[in-house]
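Me: I should like to go through a structure with you. Could we take the helices, then the side-chain pairs?

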Amino acid sequence: MTPRPRSERPEEKGADRLKGRVALITGGDSGIGRAVAIAFAREGADVAIAYLEETDDARDTEARVREFGRRCLLLPGDVSRSAVCRRHVQKVLKTFGRLDVLVNNAAEQHPQKSLEDISDEQLERTFQTNIFAYFRLTRAALPDLKKGAAIVNTTSVTAYRGSAKLLDYSSTKGAIVGFTRSLALSLAKRGIRVNGVAPGPVWTPLIPSTFSPEEVAKFGSDVPLARAGEPAEIASAFVFLASADSSYMTGQVLHPNGGEIING
């Protein structure tokens, strides 16, 4: 990508807000997931990165995590499959002995001009990756999440304002909001907090891979700040929600979106 997404802010210093914690991040090889993995490592967490097949990107993220002196486990596989989710959790437990933070972040999108252009195959695949995987991985992790654990789900501004060309994607992101709020109620008595982040336009590899060059050239220019966000600008929201800084928050969604007012 040109320019390359900014995965971190060199001026930021860690404050051990996640010291001793272990986090599992899906889609952690690039984009927002990569930035979250690096930010977590800076704050003292060991990190497991689940990704589909982008091994080179995953290794780049792993190398950066290790530069902070933290351990990193790479977990290739399709998290829309229950067996893969169970295997990932077991590998995390075998490697680190615990799991404290789960970040459900992996997603895919396929723009179409109208509903009639969305095939059954695309519809099912988008839901499998974007919301069914959240259910399945969380279900696999829950038996080993203790009091004080945190779950952070990535939704999107499109869940609130819609997107004419991303009907299926936006629908899954709306489902994630409902999943987050309902799971938070379900797990409150267990002392496990569940929150979400709804980014606006963010400069990630997903953008040039799914939109036309004309759309990419003006991507993000329609928000009040008149630009797309960088992954590093979104990662701090995840650190906040994963740490004790947000100890009195559950069932909430943060909105780093360049200034859009979405009343959510």
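**Helix packing and side-chain pairs**

Reply: The buried residues of helix 6 pack against helix 4, strand 5, helix 5 (158-161) and strand 6 (193-197). Here buried means under 20% relative accessible area, exposed over 50% and partly exposed in between, with a 1.4 Å probe and protein chains only. Packing rests on contact, that is, heavy atoms within 4.5 Å. Helices (H or I, at least four residues) and strands (E, at least two) are DSSP runs, numbered from the N terminus.

Me: What should I know about the model and the numbering?

Reply: This is a predicted model, in which local features need pLDDT of at least 70 and side-chain atom pairs count only at pLDDT 80 or more, while totals for chains, interfaces and linings use all residues. Residues are numbered from 1 along each chain as its sequence is written, and side-chain values use heavy atoms, with hydrogens and water left out.

Me: Which residues of helix 6 are buried?

Reply: They are Asp168, Tyr169, Ser170, Thr172, Lys173, Ile176, Val177, Phe179, Thr180, Leu183, Ala184 and Leu187.

Me: And how far does helix 6 reach from its first C-alpha to its last?

Reply: Helix 6 has 21 residues and reaches 30 Å, close to the 30 Å expected at 1.5 Å a residue. The expected span is 1.5 Å times one less than the number of residues.

Me: What about the span of helix 4?

Reply: The 22 residues of helix 4 should span 32 Å at 1.5 Å a residue, and the end C-alpha atoms are 30 Å apart, which agrees.

Me: Where does helix 4 bend?

Reply: Helix 4 bends by about 45° at Phe132. The bend at a residue is the angle between axes fitted to the seven residues ending there and the seven starting there.

Me: What do the buried residues of helix 4 pack against?

Reply: They pack against strand 1, helix 3 (82-96), strand 4 (101-104), strand 5 and helix 6. Among these buried residues are Thr126, Asn130, Tyr134 and Leu137.

Me: Which aromatic pair links helix 4 and helix 6?

Reply: Phe135 in helix 4 (residues 120-141) pairs with Phe179 in helix 6 (residues 167-187), 44 residues apart. Their rings are tilted, at 4.4 Å centre to centre and 40° between the planes. Rings of Phe, Tyr and Trp (its six-membered ring) pair if their centres lie within 6.5 Å; planes under 30 degrees apart count as stacked, over 60 as edge-to-face and the rest as tilted. By this rule the count comes to 3 aromatic pairs.

Me: On to strand 5. What does Asn153 touch?

Reply: Asn153 is found in strand 5 (residues 150-154) and is buried, with a relative accessible area of 0%. Leaving aside residues up to four places away in sequence, Asn153 touches Asn104, Tyr134, Ile176, Phe179, Thr180, Val194, Asn195, Gly196 and Val197.

Me: Changing topic: how many salt bridges does the structure hold?

Reply: The structure holds 17 salt bridges, each a side-chain nitrogen of Lys or Arg within 4 Å of a carboxyl oxygen of Asp or Glu.

Me: Which partners does Arg42 have?

Reply: Arg42 forms a salt bridge with Glu8, the closest N and O atoms being 3.1 Å apart. Arg42 lies in helix 1 (residues 31-42) and Glu8 in the segment before strand 1 (22-26), so the pair ties together parts that are 34 residues apart in sequence. Arg42 also meets Glu12 in a salt bridge at 3.6 Å, N to O. Glu12 too lies in the segment before strand 1, so this pair ties together parts 30 residues apart in sequence.

Me: Are Arg42 and Glu12 buried or partly exposed?

Reply: Arg42 counts as buried at 12% relative accessibility, while Glu12 is partly exposed at 27%.
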